[in-house]
Amino acid sequence: MAEDNAPQHHAPASGSQHHGAGSGPPGSSGPRAQGGRPGGPAKRGKRNFIRKKKVCRFCVDKVDFIDYKKADVLSPFIQERGKILPRRMTGTCARHQRWLTVAIKRAQNIALLPFAAEL
Amino acid sequence: MEERQYDLIFICRPDTPEPEIDKVISTLEHTATEKGAKIEKTEKWGRKRMAYRVHRLREGFYVYLVIRSSHGEVVKELERRLKVSDVVIKYLTIRLDEELKRQEKLKRHRERRAARRPRKATPTAQVPSAAGGEQATAL
């Protein structure tokens, strides 16, 4: 927590320094860079929301092998239509996503998971 | 040559009587032992709803086998048998030994790291305080 707070405090400070240094173009670029930071959405006027950091569920459980036979484990990672959900939606880490896709495709082949939604 | 491990799942028609399914399993066991492989585990998962329709059937009788063999010829023969069989509507063979080996390796790695962690905790605890000191001097 303490480490998370530190950069947030830093970012506005550096922005204000930019303001003081040049009131022209460099000053305007300062806040824009600050707003673009994913870490510090706290001081953004309208869109004031804090996105919760997604954590790879398999890393939390320390999974070394994703079993294709357990359809109930895999089913949260596919859409209703049968598509595999991307990493950015589920927060799965790259390594586990790689294993996960293989497991899902195997499960699909033996009719444990659907390829596409039924009519 | 090292031993390979395969997972073999096949699905029978849901209306087949159990003895018929047992017959299929026993013939598979026979061909496997003939080819020098060994069936480690046989599990009947029973009637399950399939995720999509196969041969216009919504349900199927799942059977799961674990096969150990030193070569892949067995799989060819077993799959041919399954293809010929009328009661079997779907089958899948997956080679798993390499993934299981990887799993073992990762597990060992994790255990070693867990054993080492208490020693490593102290230097990481010192790092933030050092960084704080730098910030103070910079300001």
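B:His55 is found in the loop between β2 and β3 of chain B, where helices (H or I, at least four residues) and strands (E, at least two) are DSSP runs, numbered from the N terminus. The structure is a predicted model, in which local features need pLDDT of at least 70 and side-chain atom pairs count only at pLDDT 80 or more, whereas totals for chains, interfaces and linings use all residues. Residues are numbered from 1 along each chain as its sequence is written, while chains are lettered from A and ligands numbered from 1 in the order in which they are written.

The backbone of B:His55 has a positive phi of about 50 degrees, although this residue is not a glycine. Most residues other than glycine have a negative phi. The hairpin of β2(B) and β3(B), in which B:His55 takes this phi, has two residues between the strands. B:His55 is exposed, because 9 other C-beta atoms lie within 10 Å. In this classification, a residue is buried if 20 or more other C-beta atoms lie within 10 Å of its own, exposed if 12 or fewer, and partly exposed in between, with C-beta atoms placed from the backbone.

Two strands are said to pair if DSSP finds at least two bridges between them.

Although B:Lys38 and B:Ile67 are 29 residues apart along the chain, their C-alpha atoms are separated by 5.8 Å. When residues up to four places away in sequence are not counted, B:Lys38 touches B:Ala32, B:Thr33 and B:Arg68; two residues are in contact if their C-beta atoms, placed from the backbone, lie within 7 Å.

Chain A, by contrast, has six helices and zero strands, and its pattern along the sequence reads α-α-α-α-α-α. Of its 119 residues, 17% count as buried. Among the contacts in chain A with a separation of 6 or more, 59% are accounted for by residues 24 or more positions apart. Helix α6 of chain A contains A:Lys105, which counts as partly exposed because it has 13 C-beta neighbours inside 10 Å. The C-alpha atoms of A:Lys105 and A:Ile84 are separated by 9.1 Å, with the two residues 21 residues apart along the chain. In the segment after α6 of chain A is A:Ala111, a residue with a positive phi of about 65 degrees although it is not a glycine. A:Ala111 is buried, because 25 other C-beta atoms lie within 10 Å.

Between the two chains, 14 residues of chain A are in contact with 16 residues of chain B. On the side of chain A that touches chain B, the elements giving two or more residues are α1 (2-21) and α6 (94-109) of chain A. The residues of this side divide into eight nonpolar, one polar and five charged; Ala, Val, Leu, Ile, Met, Phe, Trp, Tyr, Cys and Pro count as nonpolar, Asp, Glu, Lys and Arg as charged, and the others, Gly among them, as polar.

The largest nonpolar core has 34 residues, of which A:Ala107, B:Phe10 and B:Ile11 touch the most other members. Such a core is a set of buried Ala, Val, Leu, Ile, Met, Phe, Trp, Tyr and Cys residues joined through C-beta atoms within 7 Å. Two or more residues are given to this core by α6 of chain A, and by β1 (4-12), α1 (18-34), β3 (57-69), α2 (73-84) and β4 (88-95) of chain B. With six residues, β1(B) gives the most. Leaving aside neighbours within four places in sequence, the contacts of B:Ile11 include A:Ala111, B:Gly60 and B:Val88.
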